[in-house]
Amino acid sequence: MEYICKKIDDKELTHSSIHHLLAINNLIQKNGYARAIDIAKHLGLTRGSVSITLKKLTNKNYIIEDSNKFYQLSDKGKKNVNAVVSKRHIVEQFFKDVLQLPADVAEIDGCKIGYLLSQETGEKLLSFIGYCLSDNKQIKSLLNDFINFNQICQSVENCQVCEMECFFAGGSDELLNK
């Protein structure tokens with residue numbers, strides 16, 4: 001059986017590359033242009049590091065550099081930025097409006113997850129959000145029941161989610177954030 005998490009590495013763009021594309025997009029919207037030095041400052045990275053990523057993005061036709069060293073998103077780059085921003089907003093909305101997480105947590109986790117989602121998952125999640133936020137009284141009741149529900153784990157052996165120890169026992173964030 002193939003290790004499924006390897007599929008994450010199959011993406012053509014890395015999380016870092018996407019942040020570079022988003023920075024270019026933000027800078028163009030704000031200033032009308034994006035230079036390597038501006039991108040580096042925006043991302044808090046060295047110009048050398050940014051230049052390496054910009055070269056890769058140029059070679060993959062995500063960005064275009066003109067003779068004055070200004071960067072623009074190509075059509076391919078614009079399409080990817082739009083997809084990432086849309087999926088990130090979908091995930092944020094799900095976390096905030098359906099799961100009732102605080103806005104700052106929803107924003108951070110949306111950024112972490114949004115770029116990894118497939119188009120299909122983004123579309124299904126958007127439909128689910130629309131369904132959950134509809135005026136249907138049964139759905140509103142279900143969401144209210146969910147918000148007031150407290151998961152109590154009986155044992156790891158009988159849990160359909162936890163494998164080695166209870167997720168609610170904590171410690172997972174500390175391990176992931178190191």
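What percentage of the 178 residues in the protein do buried residues make up? Buried residues come to 26%, where buried means under 20% relative accessible area, exposed over 50% and partly exposed in between (1.4 Å probe, protein chains only).

This is a predicted model, in which local features need pLDDT of at least 70 and side-chain atom pairs count only at pLDDT 80 or more, while totals for chains, interfaces and linings use all residues. Residues are numbered from 1 along each chain as its sequence is written, and side-chain values use heavy atoms, with hydrogens and water left out.

**View 1. The overall layout has 8 helices and 2 strands.** Helices (H or I, at least four residues) and strands (E, at least two) are DSSP runs, numbered from the N terminus. Reading from that end, the order is α-α-α-β-β-α-α-α-α-α. Take the contacts (heavy atoms within 4.5 Å) between residues at least 6 apart in sequence: 52% of them join residues at least 24 apart.

**View 2. Helix α2 and what covers it.** α2 spans residues 36-43, and its buried residues are Ala36, Asp38, Ile39 and Ala40. Their cover includes α1 (15-31), α3 (47-59) and β2 (71-73). Asp38 has a relative accessible area of 13% and forms a salt bridge with Arg35, with the closest N and O atoms 2.8 Å apart. A salt bridge here is a side-chain nitrogen of Lys or Arg within 4 Å of a carboxyl oxygen of Asp or Glu. Arg35 itself is partly exposed, at 33% relative accessibility. After α2 comes Gly44, with a positive phi near 70 degrees.

**View 3. Helix α4 meets helix α6.** The axes of α4 (75-98) and α6 (residues 119-132) come within 10 Å and cross at roughly 35 degrees; axes are lines fitted to C-alpha atoms, for helices over the stretch in contact, with angles from 0 to 180 degrees between N-to-C directions. On the α4 side you'll find Ala83, Lys87, Ile90, Val91, Gln93, Phe94 and Val98, and they meet Gln119, Gly122, Leu125, Leu126, Phe128, Ile129 and Cys132 in α6. The residues of this contact split into 10 nonpolar, 3 polar and 1 charged. In that tally Ala, Val, Leu, Ile, Met, Phe, Trp, Tyr, Cys and Pro count as nonpolar, Asp, Glu, Lys and Arg as charged, and the others, Gly among them, as polar.

**View 4. Lys87 is buried without a salt bridge.** Lys87 sits in helix α4, and the nearest side chain of opposite charge, Glu123, is 9.1 Å away. Lys and Arg count as positive here, Asp and Glu as negative, and His and the chain ends are not counted. Setting aside neighbours within four places in sequence, Lys87 touches Gly114, Leu117, Ser118, Gln119 and Gly122.

View 5. The structure holds 4 salt bridges. Glu92 is buried, at 16% relative accessible area. Lys112 is partly exposed at 43%, and Asp109 is partly exposed at 23%.

**View 6. Positive phi at Asn61 and Gln100.** Asn61, in the loop between α3 and β1 (63-65), has phi near 65 degrees and is exposed at 52% relative accessible area. Gln100, in the loop between α4 and α5 (103-114), has phi near 65 degrees and is partly exposed at 49%.
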